[in-house]
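Okay, thanks everyone for coming. Let me put the structure up on the screen, and then I'll talk you through it.

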Amino acid sequence: MPDLLLELRSEEIPARMQRKAAGDLKKLVTDALVEAGLTYGAAKEYWTPRRLTLDIRGLDARSKPVREEVKGPATTAPEQAVQGFLRKAGLSSVDQAQVQTDPKKGSFYVAITEKPGREAAEIVASVMPGVVRSFPWPKSMRWGKASREPGSLRWVRPLQSILCVFGPETGETEVIDFSVDGVRAGNMTVGHRFHSPAEFSVRRFDDYVAKLEKAHVVLDAERRKAMIHADARTLAFANGLELVEDEGLLEEVSGLVEWPVVLMGEFEERFLDIPGEIIRLTIKANQKCFVTRPFSPSSGPSGHLLPQGEKGQRQPSPPMGEGGSPRSGETGEGRLAPRFLLVSNISAKDGGVEIARGNAKVVRARLSDAVHFWKTDQADLPDLDGLRDSAQKFGLDLSKPLDQRMARLNHLGVTFHAKLGTQGERVARIAALVAELARVVGAEASLARRAAMLAKADLQTEVVGEFPELQGLMGRKYAELQGEHPSVATAIEDHYKPLGPTDCVPTDPVAIAVALAEKIDMLSGFWAINEKPTGSKDPFALRRAALGVIRIVLENGLNFSIDPINDIQVLRHQIGANPASPQLLDALLGAAAVEGMFGANTRELVAKAKLEMPEWLPLIESHDPSISDQLRSFLHDRLKVYMRDQGVRHDIIEAVLDPASCNFLLVVRRADALGQFLETGDGADLLAGWKRANNILAAEEKKGAEISRVLDARLFREPAETALFEAMNQATNAAGHAVDAEDFEGAMTALAALRGPVDAFLDAVLVNDPDNAVRINRLTLLNELRRATARVADFSKLSG
């Protein structure tokens, strides 16, 4: 079967658009061919900075004939309906239609049209102009004289040529002739812009790839990535260094070159006085270059910017220099080397010496800027007198640079969200919540509050202003420089975590408290202003925040309900705009604020305050408890997703999830215990017996049967009744005590003892006894079984 080769060659396509554009080309072309009646064996897309290529193998040479039958109106229909049918079917007269008869619907017109098959070349020529014109570029442009005409072609960069050849694997191929805005398809293309700019002809894909290779173009992006990676590692090793790997940068630079050549540049050692993360981002962002570090036989191959350990464990911070400051030029992986690796697009005659020298010149200039930012952030701000009110409000020490930045963040009134106030107000809310969370997570309250106060301070630093992705990390470094407690410094960096499903969670108690407070404030705040995720839209990353709360709680084994915390933070948002709100919160919680939050329900406190504090009534009535219900439901949905990703059956999740509770750890422990129990013979048989009993109860309840609340042992007629009753009492007591002690495995073991008595009862006892009192008593006994298992899980949600 013949193959199709298509190439769209243009000026340089931005690297970030290439992979998706190649995928879009494949989908658009193959969908159009299939819609036109052609099938194919395989299709593969390729891309370079200057071309999008599609290789389709095993394409039909011709589409099959199509017979279409269009049903029309009844033969007795009005003339207007008949004429509409003829126009739709492409008929000129009703005589060209057939008449068919249905016993129920009577006689009606039918148009039968037969379309002959078309040559594949004809189909390709007809669909390609539309594919090119409607191509979904994120950004596109017009160019040349034609750009003045309405409807002229738009492409990401000026389209220069189209190559389109079709034919068998061996033998001659044909050019599929079509044109788009004066660009006519042919069998010619060009190689590398500088090394091989001359045109050459192509017959098929294998020929195309081989000739491009000779013309200094590596077509396969994955191969270019592999070449860059291997050459960079080899060149670094040859110089006693190790490549600090960066998958994102590797993907980008592979889209900047067609003929990758890896070179090495260098900069002065003095630039290593600044943190390695700044060096790395400066060189990456400005010159798209990789950094290196001294080779260490014991170092692993990974080179991520932030170190991650197994199972969410945070790796130790890098070694410290004098005064607690990080040693110069270090990242989480150790000290960098004053060498960098760049990827050129040409093989220079001088071996790339001038290219490396030119890049090094730019790198030095950018690193000089970075040094200036680093030093400026450690100096005093010029407007300290204007920051004293903010410093007093937050308890800040204006002799410390990071405290100064936090004071300025509040003083400037930097907006967090139009409906949620400023960053300063947000920090105040987080700090208040941290004080309440510290006891639960085992953090020292003073350290947690200090960390919360400084957590956002680095947003006012020069380095973070230049590289926003360093927020948190730079806060930690500046905190270490000014002598903050290690837990405070760690919390400043880690409170943003986890940033994704594979990111580690904070493990230091202070960091846990601040991270939870920050995320809970986000969730409760956006719920309070009704800015919730909808469908695929989540502009404030609230799903990620919810998953972060869940992972932090579960991976640190925190056993508490998040509900009261959400309640109080929602309340803070709802009444927070009122100047009197702090006094109201103090009055609500009183001296036993923590005990009130984690004991009495916040709603009960609000209801009580309405009665006992009439002076606060207008403010209290702004509290809407339904918001907390909605937030709990959202967290439950995220918990279900998390547990399913961990391999927990969906029916087990539904069986153990209490809609009124938000203790994530107990839900997971209960689900684990139930899952293990159901995998045993006792568990499977008890579930089957429970379902038999439940079906009997459901059928009788539907008939309006009476079920007593109290069992009468005097009405037992069969030994199996007595045996089940006694086993039920023992199992219920044992399971209840186990659940109260949060020993869910023990509760399952207690329930397992019911397997035999339940089976014996259902096999030997007629529940619907003629004696009504006996029948009610037996139904009540089965209902007790339902109540006993409900202490552990809702068995009605389980399948099987």
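I'll start with the whole chain and then go through some local features.

So, first thing to keep in mind: this is a predicted model. The protein chain has 800 residues, and buried residues make up 50% of them. On secondary structure, we have 30 helices and 20 strands. The accessible surface is about 37000 Å², with 51% of that belonging to carbon and sulfur atoms. And if you take contacts between residues at least 6 apart in sequence, 70% of those join residues at least 24 apart.

Okay, let's go to helix H1, which covers residues 15-35, and find Leu33 in it. Is Leu33 buried or exposed? Its relative accessibility is 0%, so it counts as buried. Setting aside neighbours within four places in sequence, Leu33 is in contact with Leu4, Leu38, Ile56, Leu59, Ile123, Val124 and Val127. Take Val127 from that list: it sits 94 residues away from Leu33 along the chain, and the two C-alpha atoms are separated by 7.7 Å.

Now the sheets. One of them is an open sheet of three strands, in the order E4-E6-E5, with antiparallel pairing. Strand E4 (66-74) and strand E5 (98-102) are the edge strands, each pairing on one side only. From one strand to the next, the twist averages 35 degrees. Helix H2, residues 79-89, packs on this sheet and touches E4 and E6, with its direction at about 170 degrees to that of E4.

Let me zoom in on E5 and E6. How many residues sit between them in the hairpin they form? There are three. Strand E6 is residues 106-115, and its antiparallel pairing with E5 runs over five bridges. At one of those, Asp102 has Gly106 in E6 as its bridge partner. At another, Gln98 is partnered with Val110, also in E6.

A search of the whole structure finds three cavities of 30 Å³ or more. Which residues line it? They are Val244, Asp246, Leu249, Arg280, Lys284, Cys289, Phe290 and Val291. Helix H7 (276-287) and strand E15 (290-294) each supply at least two residues of that lining.

Next, over to helix H28, residues 744-752. The buried residues in H28 are Phe744, Ala747, Met748, Ala750, Leu751 and Ala752. What do they pack against? Five helices are on the list: H25 (664-678), H26 (681-702), H27 (719-740), H29 (755-764) and H30 (772-790).

Last, some backbone details in the loops. The peptide bond from Lys497 to Pro498 is cis, with omega near -5 degrees. Pro498 lies in the loop between helix H15 (486-494) and helix H16 (509-528).

His216 has a phi of about 65 degrees, and you'll find it in the loop between helix H4 (205-214) and helix H5 (221-238). With 24% relative accessibility, His216 counts as partly exposed. Asn530 has a positive phi too, near 60 degrees. Asn530 is in the loop between H16 and helix H17 (542-555), and at 54% relative accessibility it counts as exposed.

That's what I have, so let's open it up for discussion.

Definitions and conventions
Residues numbered from 1 in each chain as written. Predicted model: local features only at pLDDT ≥ 70, side-chain atom pairs only at ≥ 80, totals over all residues. Heavy atoms only, no water. Pairing = 2+ DSSP bridges. Helix = DSSP H or I, 4+ residues; strand = E, 2+ residues; numbered from the N terminus. Axes fitted to C-alpha atoms, helices over the stretch in contact; angles between N-to-C directions. Contact = heavy atoms within 4.5 Å. Buried < 20%, exposed > 50% of the residue type's maximum accessible area, 1.4 Å probe, protein only. Areas by Shrake-Rupley, 256 points an atom, 1.4 Å probe, with all protein chains shown as cover. 1 Å grid on protein atoms, 1.4 Å probe; cavity = no way out; pocket = protein on both sides within 12 Å on 5 of 7 lines; lining within 4 Å. Points joined across faces, edges and corners; volume = space filled by probe spheres on them.
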